Amino acid sequence: MTYELHYWPTIPGRGEFVRLALEAAGAPYIDIARGAEDAGRGVPAMLRTLGDRSLRQPPFAPPFLKDGDFVIGQTAAILQYLAPALKLVARSEQARAWTMQIQLTIADMVTEAHDTHHPIATSLYYEDQKAEALRRAANFCNERMPKFLQWFERILSQNPAGDRWLVGNRMSYADLSLFQLVEGLRYAFPLAAGRVLSRTPRVVGTHNRVAAQPRVAAYLRSERRIAFNEQGIFRRYPELDAPAG
């Protein structure tokens, strides 16, 4: 059965973490909001599903996934649901729980990256909270980014199966998400990310291995891959790419 992914059509955002898993596994899916409205798709179709009062377990916001009649939201939960069928997670319960712990930590860092440019409220323009954003970004670049990335470096170095992947000896959805995180950091904070990544070579190595996977590489070259832009989670405002403190 073909999966239906529902997410905003012009930004990679949180939906990209799900899209990468589907693409890496070669799973059939429809990107609903990116389809034509006269074909019953597009943003109106996504919003109709989001507001469907017949859903007893409605998602809070995009991204969400439809698998037949089943609807599930929240990026980490979607990935956890998809991973066994897509063969992007190990079989043991302990390994699956560990993979989810890593994914949730990635989600924490994604939120902190977003909050560098919207530290007060998402309903305000960046220009309305620029002073607060400058302070938040300085802390993120000089303290939080190194702390997160050094943790990923540590768990790669401590993986009993070797330091190629985050969990076990094969790629999981957490590796795909780490790839997207690094891509976003390099886009939004090229100077700060460059400094930290120069000290986390295993993270860079895993990022590069993900990018080299044949299906991932083909996807990255395709029109399906949405470029980063200043409407999404990772935004490039040069003044926020804080110098070393």
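**Figure 1. Contacts across the protein chain.** Among contacts between residues at least 6 apart in sequence, 69% join residues at least 24 apart in the protein chain; contact means heavy atoms within 4.5 Å. This is a predicted model, where local features need pLDDT of at least 70, side-chain atom pairs count only at pLDDT 80 or more, and totals for chains, interfaces and linings use all residues. Residues are numbered from 1 along each chain as its sequence is written, and side-chain values use heavy atoms, with hydrogens and water left out.

**Figure 2. The fold.** The protein chain has nine helices and four strands. Helices (H or I, at least four residues) and strands (E, at least two) are DSSP runs, numbered from the N terminus. The C-alpha atoms fill a box of roughly 50 × 50 × 35 Å, taken along the principal axes.

**Figure 3. Glutamine 103 in helix α4.** Helix α4 spans residues 93-114 and holds glutamine 103. Glutamine 103 is buried, with a relative accessible area of 2%. Buried means under 20% relative accessible area, exposed over 50%, partly exposed in between (1.4 Å probe, protein chains only). Leaving aside neighbours within four places in sequence, glutamine 103 is in contact with Ala76, Leu79, Tyr173, Ala174 and Ser177.

**Figure 4. The largest nonpolar core.** This core has 68 residues. A nonpolar core is a set of buried Ala, Val, Leu, Ile, Met, Phe, Trp, Tyr and Cys residues joined through side-chain atoms within 4.5 Å. Phe189 is one of the residues with the most contacts inside the core. Not counting residues up to four places away in sequence, phenylalanine 189 touches Thr116, Phe140, Cys141, Met145, Gly194, Leu240 and Asp241.
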